[in-house]
Amino acid sequence: MEDKTQIQEAIKIQGEVVRKLKVEKANKEQIDEEVAKLLQLKAQLGGDDGKNQFVLKTAKGTRDFNPKQMAIREQVFNTIISCFKRHGAETIDTPVFELKETLTGKYGEDSKLIYDLKDQGGELLSLRYDLTVPFARYLAMNKITNIKRYHIAKVYRRDNPAMTRGRYREFYQCDFDIAGQYDPMIPDAECLKIVHEILSELELGDFCIKVNDRRILDGMFAVCGVPADKFRTICSTVDKLDKIPWEEVKNEMVKEKGLSEEAAEQIGEYVSLQGGKDLAEHLLQDQKLSQSKEACSGLTDIKLLFSYLQLFQVTDKVVFDLSLARGLDYYTGVIYEAVLMQATTAPVSPEVQNGASEEESVSVGSVAGGGRYDGLVGMFDPKGRKVPCVGVSIGIERIFSIMENKAEATGEKVRTTEVQVMVASAQKNLLEERLKLVTELWNAGIKAEVMYKKNPKLLSQLQHCEDSGIPLVAILGEQELKEGVVKLRTVATREEVDVSKAQLIEEIRRRTSEA
């Protein structure tokens, strides 16, 4: 009894904490965390029957999807899959968990985000963090030296989720990879073409694909005086430039990572550069950077990449950006990231008004990323045989969030079923006739449904069609049965025509193919 009183007191105090945070308009994550604590306390209290009450909520960083959201997702998946297939890819699947040692040491500083599973008395396992490392393991294990594959599946990260921005702990990834020994930059250019096609088809708005090369970054670090053992950790810091200003990045390099002020300043000069093929040519002549063999081979490949991108007609959206780093350890060559741009109207100062637009494009987040990883498969091969690979991952969750918001904002009616025709009756006692007709339609491959009532009212059947977006209604009545016809009603126009039973299937097919 005393315990119960203590819990009730704790609930009261925790309730005050939540109320205070809401009044102060604290951030959502903080409020959610305190609400979760409150719900746990209430669950401990249990019900009157002595049983513990369950807290009905999804785990942190996860969510359910309603039919409307799933319809939007299906539409996005179909667009992406048809693009992958258009480029000749086949598909594979791998287990949702891998041996812990398979994933260890592949993700740099992000390794701390891997979900380890509890030891069940045997193998030490972890949930997959991405689809690339399992793909490399699959190639090495099956001795596959060339494949063009796509893989769409869920991955898991123990991240601090910002669900409003499309970041979760459980989420889908859509990967396209080309493995095999090919001539430089041809597969890499095709990966960028695929990103361009998908983002254009989904009509998400303006976008930009940033391109860089790990060899250019490493060469740049070397000539700027970064010690070799600090390359990866400095790379992870540079990778934050799209989220935090240069001053904070420099601070982290100098104060946390122990880099000299001078080296950080030199890096700052390079990472502010953006351009195209011309920038690569300019940097090849750069007094400092040209001293690095690695940087020169990276710059030569970037030049070649841009010449192929020109042939693929995508250079309008691609920019060579020296600040792009991508934190993952396994990249060895070209790296890229696609970001959505959002026009924001901001007041413009008089000194920049000479012909400049008042709209300034700002990035709203990465929606695709990838690069070349020639050494990853070799890490798993007992003889260290390398299989060169290049690939791209589409940031599907962020795309879903944008598409959902777009549908919400435009008030677009999203159909959650694909039913083409509703079999309805105008009078009572026609259930058998309705079931016979719907069976004929199903057998002919037509998407159809009936109401699960013996004698439904015609009005409620028609209302169901309006609500669900079903375009046609096949209405049966005693008169129609005598004459061997079916009344076919177009829901949108309310126009009705009598169609002979023999012609019904053909007529439905004709009308639905026109729609």
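**Exercise 1. Is R326 buried or exposed, and what is its relative accessibility?**

Solution. R326 has 16% relative accessibility, so R326 counts as buried. Buried means under 20% relative accessible area, exposed over 50%, and partly exposed in between, with a 1.4 Å probe and protein chains only. The model is predicted: local features need pLDDT of at least 70, side-chain atom pairs count only at pLDDT 80 or more, and totals for chains, interfaces and linings use all residues. Residues are numbered from 1 along each chain as its sequence is written, and side-chain values use heavy atoms, with hydrogens and water left out.

Helices (H or I, at least four residues) and strands (E, at least two) are DSSP runs, numbered from the N terminus.

Then list its partners. Setting aside neighbours within four places in sequence, R326 contacts R214, D239, Y331, I335, Y336, E337, G369 and G370. Contact means heavy atoms within 4.5 Å.

**Exercise 2. Find the buried residues of helix α16 and say how they are arranged.**

Solution. Start with residues 458-468, which form α16. Its buried residues are Q461, L462, C465 and S468. Seen down the axis of α16, they fall within an arc of 135 degrees, so they line one face of the helix. The arc is that of the directions from the helix axis to the C-beta atoms. An α-helix has 3.6 residues a turn, so residues three or four places apart point the same way.

Now look at the cover. It includes β12 (421-425), α15 (431-443), β14 (472-476) and β15 (485-490).

**Exercise 3. Locate E203 and Q313, and compare phi with exposure.**

Solution. E203 is in the loop between α6 (186-201) and β6 (207-213). Its phi is near 50 degrees, a positive value in a residue other than glycine. E203 is exposed, at 59% relative accessible area.

Q313 is in the loop between α12 (293-311) and β8. Its phi is near 60 degrees, again positive in a residue other than glycine. Q313 is exposed, at 65% relative accessibility.

**Exercise 4. Which residues of the largest nonpolar core touch the most other members?**

Solution. A nonpolar core is a set of buried Ala, Val, Leu, Ile, Met, Phe, Trp, Tyr and Cys residues joined through side-chain atoms within 4.5 Å. The largest has 96 residues. F84, M220, F221, I267, F320, Y336 and I399 touch the most other members. Apart from this core lies another, of 16 residues, among them V421, I446, L472 and V499.
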